[in-house]
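Colleague: I've got a sequence and a model open on my screen. Can you walk me through them?

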Amino acid sequence: MILGIVQGLTEYLPVSSSGHLAIISAAFGIDGEESLMFTVAVHVATVLSTLVMLWREIDWILKGLFKFQMNEETKYALNILVSMIPVGIVGLFFKDRVEEAFGSGLLIVGVMLMLTAVLLIFSYYAKPRQKEHISLWDAFVIGVAQACAVLPGLSRSGSTIATGLMLGNKKEKLAQFSFLMVIPPILGEALLDTMKMVKGEDVMGDIGMFPLAVGFLAAFLSGCFACKLMINVVKKGKLVYFGIYCAIVGLSLLIYTLAS
């Protein structure tokens, strides 16, 4: 339940889900992350929460696509497709190095949380000229930010939203785009993990079906709450407070790891 709540909240709040899961696991000795089945379950739960909370936007995109013409909906879908390119490259060619980073302990989490804080605080004070629409180039650059955020401790939503703000995109549209663009990569990763399960790897670990269901439900409900909350937070421009939080947690981790 703890891992599910943390995953659901921090997938949308700009504080890094991977970093906080690493912190919780280290603090309580929870080995849930070692179960491939559990990892797939909580990630699918957060995707499901996105589909529920942003169903109107998804329905708008799908209806526009099936008109088979270059309209606003098609352009939006193309932006999402372009944003997937960088993270796809990282997943195909640098997956092993990323997994090594996850095994580097809390030191890298602390460093990346500090970097997240810098991005959030800088984007709060940056005042670029506002754009009406997210361009293909902006979508690609935001996608690069998402690809970099595979590192534990570097917030995906924080990186993508902060990057979009610094590019001059309107904050009212960025949270929605940030949450929609992550759906295909998460589903793709879940599909790859499912293929590993089919091959007969030990995917359950020490987790039973009931704790698995509790984790899934906790991730879904907390994800719904965090998704709605984050959209309102971005509209009001309050990301700086999350930056301060990340700076405090990141600095605390650095002090703890270097002292020990």
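Modeller: Let's begin with the surface: the chain has about 13,400 Å² of accessible surface, worked out by the Shrake-Rupley method with a 1.4 Å probe, where for residues only the protein chains shown count as cover. This is a predicted model, so local features need pLDDT of at least 70 and side-chain atom pairs count only at pLDDT 80 or more, while totals for chains, interfaces and linings use all residues. Residues are numbered from 1 along each chain as its sequence is written, and side-chain values use heavy atoms, with hydrogens and water left out.

Colleague: What share of that accessible surface belongs to carbon and sulfur atoms?

Modeller: The total for the chain is about 13,400 Å². The part belonging to carbon and sulfur atoms is 70%.

Colleague: Where in the chain is confidence lowest?

Modeller: Confidence here is pLDDT, the predictor's score for each residue from 0 to 100, and the chain averages 84. Helix H8 (residues 136–148) has the highest mean, at 93. Where pLDDT is low, the predicted coordinates should not be read in detail. The lowest mean, 65, is in helix H6 (residues 95–102).

Colleague: How many helices does the chain have?

Modeller: Helices (H or I, at least four residues) and strands (E, at least two) are DSSP runs, numbered from the N terminus. The chain has zero strands, and its helices come to 13.

Colleague: Why is helix H1 (residues 2–12) largely enclosed by the rest of the structure?

Modeller: Buried means under 20% relative accessible area, exposed over 50%, and partly exposed in between (1.4 Å probe, protein chains only). Among the buried residues of H1 are Val6, Thr10 and Tyr12. Helix H1 is largely enclosed because its buried residues number eight of the eleven.

Colleague: Which side chain makes a polar contact with the side chain of histidine 20?

Modeller: Histidine 20 is in helix H2 (residues 17–28), and at 11% relative accessibility it counts as buried. A polar contact is a pair of N or O atoms within 3.5 Å; within protein, one must be able to donate a hydrogen and the other to accept it, and residues adjacent in sequence count only if both atoms are side-chain atoms. At 2.9 Å, the partner is tyrosine 245.

Colleague: Is leucine 65 buried or partly exposed?

Modeller: Leucine 65 is in helix H4 (residues 55–65). With a relative accessible area of 33%, leucine 65 is partly exposed.
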